[in-house]
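Dear colleague,

I am passing on the structure that we spoke about, together with some notes on what turned up in it. Please look through the sequence and the structure first, and then read on.

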Amino acid sequence: QIFFSEKFLVKLDQIDYRKLQDVMDLEDKTSFVDNFVQLINQGFKAIITERIANIWKSISVGGMKALKLIERNKQKGFLLGSEAEFMTKSKSFKTSAKPQNVDFAMKSLKDCGFTGNTFLELQEFFRNHPLYEFCMPEDVYYLRIAYADQPKGQWVRLMMDTIADTDGFPRVFRLGHNGNGLWVDSNWYYPTNLVNSDSLWVVRLRK
């Protein structure tokens, strides 16, 4: 599947398809092909530029099991919420066998272009977005280390498939910093929950 940036799609909409048909009918295709290739190249350049501009953190993720991630989190002095620990020990918490480099963006929902209201709408927005995609649950532990300079008072949620907590409520991980220290914590979200467009979320950038 190929994703194009909004700028490229605008240019694509500007193609005069009637003129295109005339060119094809006359079999004078050389000029059309050259111009179309140039358009495609501009589209790829636009989305690559857009992707690079949105990188917040570029880090290695994977290679550790869930219990090892919890252990390392505690060894480094980070705090772990009880529900977040339960989620990490859940069968729904998957880990990658091998490390891979992953690019992340951290933005408010408003800056991402989200105009909906509910968590379900938010999930669909990122599930179908050309630039962003869901985080993997394990990302939160690697990001906790990479974001040790998080400002006090800030809480950032991970866009991910929810994992049930001890009461069966759907939750997502979040990174936080309060008077007690730096946290790996969680928030619960039902599909109908309203979301704040000014809230900060972390998402992966598509490859």
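To begin with two aromatic residues, Phe 93 and Tyr 141 are both buried. Please bear in mind that this is a predicted model. The ring centres of Phe 93 and Tyr 141 lie 6.2 Å apart with the planes at 80 degrees, and because planes over 60 degrees apart count as edge-to-face, the pair is of that kind. Phe 93 belongs to the loop between helix H5 (82-88) and strand S3 (100-108), whereas Tyr 141 sits in helix H8 (residues 139-146), so this pair ties together parts that are 48 residues apart in sequence.

Another edge-to-face pair is made by Trp 188 and Tyr 190, whose ring centres are 5.7 Å apart and whose planes stand at 70 degrees.

Two arginines are placed over aromatic rings: Arg 144 lies over the face of Phe 78, 5.7 Å from the ring centre, and Arg 174 lies over the face of Trp 155, at 4.1 Å from the ring centre.

A further arginine, Arg 171, is found in strand S7 (residues 170-178) and has a relative accessibility of 13%, which is under the 20% limit, so Arg 171 counts as buried. The side chain of Arg 171 is joined to that of Asp 165 by a polar contact of 2.7 Å, and among the other residues that Arg 171 touches are Glu 83, Met 87, Ile 163 and Trp 188.

Helix H7 (residues 119-127) has Phe 119, Leu 122, Gln 123 and Phe 126 buried. These four cover an arc of only 100 degrees around the axis, which puts them on the same side of H7. In general, an α-helix has 3.6 residues a turn, so residues three or four places apart point the same way. The cover over the buried residues of H7 includes helix H6 (109-112), strand S4 (132-133), S7 and strand S9 (200-205).

As for the cysteines, Cys 112 is buried at a relative accessible area of 9%, and Cys 135 is buried at 3%, while the structure holds zero disulfides.

How values were computed: Residues are numbered from 1 along each chain as its sequence is written. Side-chain values use heavy atoms; hydrogens and water are left out. Helices (H or I, at least four residues) and strands (E, at least two) are DSSP runs, numbered from the N terminus. Buried means under 20% relative accessible area, exposed over 50%, partly exposed in between (1.4 Å probe, protein chains only). A polar contact is a pair of N or O atoms within 3.5 Å; within protein, one must be able to donate a hydrogen and the other to accept it, and residues adjacent in sequence count only if both atoms are side-chain atoms. Contact means heavy atoms within 4.5 Å. The arc is that of the directions from the helix axis to the C-beta atoms. A disulfide is a pair of cysteine sulfur atoms within 2.5 Å. Rings of Phe, Tyr and Trp (its six-membered ring) pair if their centres lie within 6.5 Å; planes under 30 degrees apart count as stacked, over 60 as edge-to-face and the rest as tilted. A charge sits over a ring if NZ of Lys or CZ of Arg is within 6 Å of the ring centre and within 35 degrees of the ring normal.
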